Amino acid sequence: MKKEEKSILFLVKILVFLIPFSLLLVCPNYFCPFNLFFPYITGKAIYFRILVEIAFAGVLILILKNLNLLPSKREILFWSSVLLVVAMLLLIPFSYRPYLSFWGNAERMEGWWGLLHFFMWFWVLYIV
């Protein structure tokens, strides 16, 4: 591994370590500059999603630089999770409320968009 790849991997590992601390985060009115309808849930969701997206982008950069990090075709757990996310995306138009099935509720991380972030976190943990 090159020095650049090692530094990206170190950043991803730090983010993976910080993600579980989203459970401790509370964003009440005196702490956040904006008024949140659900201050004990929204801060956690935003923190979690931002860190997962940054970590996933770092892992994608590592995979593009070194294709050996991509899981092999024999790793059933990883590829079945990818298949589950794609299947759920294809089934959204047939749901009772397609808009809510895709986006969900921003405060509670429901819907496919929230599920995608949980799977992105799983994929980052699996690859790292």
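What follows is a chat about a predicted model of one protein.

Biologist: How many helices and strands are there in the protein?

Modeller: The protein has five helices and zero strands. From the N terminus on, the elements run α-α-α-α-α. Keep in mind that this is a predicted model.

Biologist: And how much of the protein counts as buried?

Modeller: Of its 128 residues, 32% count as buried.

Biologist: Let's take helix α1. What span should its residues have?

Modeller: Helix α1 covers residues 3-18. At 1.5 Å a residue, its 16 residues should span 22 Å, and the end C-alpha atoms are 23 Å apart, which agrees.

Biologist: Which residues of α1 are buried?

Modeller: Those are E5, I8, L9, V12, L15 and V16. They cover an arc of only 120° around the axis, so they sit on the same side of α1.

Biologist: What is exposed on the other side of α1?

Modeller: K3, K6, F10 and F17 are exposed there. For F17, the relative accessible area is 56%, and the cut-off for exposed is over 50%.

Biologist: Which residues make the nonpolar surface patch?

Modeller: The patch is made by F10, I14, F17, L18, F21, L23 and L24, and its area is about 750 Å². One of these residues, I14, lies in helix α1. I14 counts as partly exposed, at 34% relative accessibility.

Biologist: Switching to aromatics. How many aromatic pairs does the structure hold?

Modeller: There are 13 aromatic pairs in the structure. In one of them, the rings of F17 and F21 have their centres 5.4 Å apart and their planes at 65°, so the pair is edge-to-face. Planes have to be over 60 degrees apart for that label.

Biologist: Is F21 buried, exposed or partly exposed?

Modeller: F21 is partly exposed, with a relative accessible area of 39%.

Biologist: What about F56 and W123, how do their planes lie?

Modeller: F56 and W123 form a tilted pair, with 40° between the planes and 6.2 Å centre to centre. This pair links distant parts of the chain, 67 residues apart. F56 is in helix α2 (residues 39-65), and W123 is in helix α5 (residues 111-127).

Biologist: Why does W123 count as buried?

Modeller: Its relative accessibility is 10%, and buried means under 20%, so W123 counts as buried.

Biologist: Which residues form one aromatic cluster with F56 and W123?

Modeller: The cluster consists of F56, F78, W79, F119, F122, W123 and Y126.

Biologist: Staying with α5, which of its residues are buried?

Modeller: The buried residues of α5 are W112, G114, L116, H117, F119, M120, W123, V124 and I127.

Biologist: And what span should α5 have?

Modeller: At 1.5 Å a residue, the 17 residues of α5 should span 24 Å. The end C-alpha atoms of α5 are 25 Å apart, which agrees.

Biologist: Last topic, charges. What does a search of the whole structure find in the way of a salt bridge?

Modeller: The search finds one salt bridge. E4 forms a salt bridge with K65, and the closest N and O atoms are 2.5 Å apart.

Biologist: Which helices hold E4 and K65?

Modeller: E4 is in helix α1 and K65 is in helix α2. The pair links distant parts of the chain, 61 residues apart.

Conventions: Residues numbered from 1 in each chain as written. Predicted model: local features only at pLDDT ≥ 70, side-chain atom pairs only at ≥ 80, totals over all residues. Heavy atoms only, no water. Phe/Tyr/Trp six-rings, centres within 6.5 Å; stacked < 30°, edge-to-face > 60°. Buried < 20%, exposed > 50% of the residue type's maximum accessible area, 1.4 Å probe, protein only. Helix = DSSP H or I, 4+ residues; strand = E, 2+ residues; numbered from the N terminus. Expected span 1.5 Å × (residues − 1). Arc of directions from axis to C-beta. Patch = residues over 30% accessible without salt bridge, like charges linked within 9 Å, V, L, I, M, F, W, Y side chains within 5 Å. Areas by Shrake-Rupley, 256 points an atom, 1.4 Å probe, with all protein chains shown as cover. Salt bridge = Lys/Arg side-chain N within 4 Å of Asp/Glu carboxyl O.
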